[in-house]
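Student: Can you walk me through this one? I'd like to go feature by feature.

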Amino acid sequence: MKTVLEVGALIQDAQHIVDGPAYLVMADGLIESTGAGTYPGDPAAVQRIKRPHSLAIPGLVNAHGHAAMTLLRGAGDDLPLHAWLEQRIFPLEAKLTEEAVYWGTLLACWEMLRSGTTCFVDMYFFMHEAAAAVAESGLRGVLSWGMVGLDDGSRRQAMAHARSFVTRWHGAANGRITTTLGPHAPYTCPPDFLREVAALSAELDVPVQIHLAETRREVAECLEQYGCTPIQLVERCGLCTRPLLAAHCVHVTDADIELMQQHDIRVAHNPQSNLKLASGVAPVPRLLQAGVTVGLGTDGAASNNNLDLFEELRLAATLHKGVSEDATLVPAAAAFHMATAAGARCAFLPPNSGRLAPGCTADVVLLDMQSPHFVPGHHRLSDVVYAAGADDVTDVWVAGQQVLAGREPVTLDTERVRYEVIRLRERLTGPGN
Ligand SMILES: [Zn+2]
């Protein structure tokens, strides 16, 4: 049976807003139609959900993160990236188990559902357990087993993990789970290993995601070791012949941006993580002007420290104005596009995803327009970007299935998730202080 959502207003995409009663028809996991006013079909033949005080928006897409890092939330703050990784994160990650990644990913899914994210791009390890958590949660996941190739042993292991993960999970959970290869970064994956990754990506016919040009130090070391920038390096290694998503791209030159545009390298912009780790501010206005697809990510919860895309949305729309002293940069509609349709493109979802339009996947979020953030209601999209927050999210559908109802996940036992994650934290670092 079809489901008809009748709402108070609807944002179809960054350019199309119905500010008044509207409807949206979902059937077989897709959006069949949308329109202004009341549903014109036979109301007896459909399941009707009436939400006259709700604003429907496309589900948000988190274009970069490490879901199970929720386990490390707050475990190491106020350190520069390389010290943070080497002194705090890597030693704790060495103690993580399959079980920990499973529960940590469920915690992330709970948090993302609560804040209106319907799809997320992920790179971590013990990914069979992460994928099982995603399948259970009802979210859409674009998952990869993070690969490090500093010696022969780690390379062989990374290639084996990636191959078995892609083979088992690509297209799983009725297509809600897709996979990519995830070489961690140029400083953990030398050029000949990146070439092997490019070949495996072609063989398995999956895209690639990588951390790129995150810090000034990474770029300096790349120039010193290989005589080229990280962007040039991935091009030389053949990764640009594959669909490629690059996280961060904070320190890129004009020539890099030209290469990115030429090869359609998609960028996951993680403004909060970049600020917290003092990596810098990515040149997003220049990337957008060059026509590069830019989505928004939270990065892992250890460097953010939450998975709330509403915060990234507002930061993306304000940060670049501030650093450039130009209030016209990254307007609300551009930021909204980054968190939805452009994010979907970064996540390699089918063309035209990330919108509430006929033929798109039925990934829908309802916001409570009775919240003060939507009063008086001059401009719905402006309210979403500059005023609203995760607390305004009440209901979420992914592929036409309701996964959040009245702010509570339908699919998850949240008490159990909380209990297990606290138990695992005590095993990692001892009882709380
Ligand atoms: Zn990351």
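Tutor: Terms first: helices (H or I, at least four residues) and strands (E, at least two) are DSSP runs, numbered from the N terminus. The model is predicted, so local features need pLDDT of at least 70, side-chain atom pairs count only at pLDDT 80 or more, and totals for chains, interfaces and linings use all residues. Residues are numbered from 1 along each chain as its sequence is written, and side-chain values use heavy atoms, with hydrogens and water left out.

Student: Ok, pockets. Which element gives the largest share of the lining of the largest pocket?

Tutor: Helix 1, with 6 residues. A pocket is an open set of points on a 1 Å grid over the protein atoms alone, where a 1.4 Å probe fits, with protein on both sides within 12 Å along at least five of seven lines; lining residues have an atom within 4 Å of a point.

Student: Which other elements give two or more residues?

Tutor: Strand 7 (117-124), strand 8 (140-147) and helix 4 (152-169) join helix 1 there. The lining has 33 residues, and F90, E93, F125, G146 and V148 lie nearest the centre.

Student: How much space is in it?

Tutor: About 770 Å³. That volume is the space filled by probe spheres set on the points, with grid points joined across faces, edges and corners.

Student: And the lining by class?

Tutor: 19 nonpolar, 11 polar and 3 charged residues. Ala, Val, Leu, Ile, Met, Phe, Trp, Tyr, Cys and Pro count as nonpolar, Asp, Glu, Lys and Arg as charged, and the others, Gly among them, as polar.

Student: Switching to the metal. What are the protein donors of the zinc ion?

Tutor: H64 (NE2), H66 (NE2), H211 (NE2) and D299 (OD), at 2.1 to 2.4 Å. Donors here are N, O and S atoms within 2.8 Å of the metal (3.2 Å for Na, K and Ca); water is not among the atoms, so sites may look incomplete.

Student: Where do H64 and D299 sit?

Tutor: H64 is in the loop between strand 6 (60-62) and helix 1 (81-93), and D299 in the loop between strand 14 (294-296) and helix 11 (309-324), so the pair ties together parts 235 residues apart in sequence.

Student: Is H64 buried or exposed?

Tutor: Buried, at 1% relative accessibility. D299 is buried too, at 5%. Buried means under 20% relative accessible area, exposed over 50%, partly exposed in between (1.4 Å probe, protein chains only).

Student: Last one: which residues of helix 14 are buried?

Tutor: In helix 14 (residues 380-387), they are R380, L381, D383, V384 and V385.
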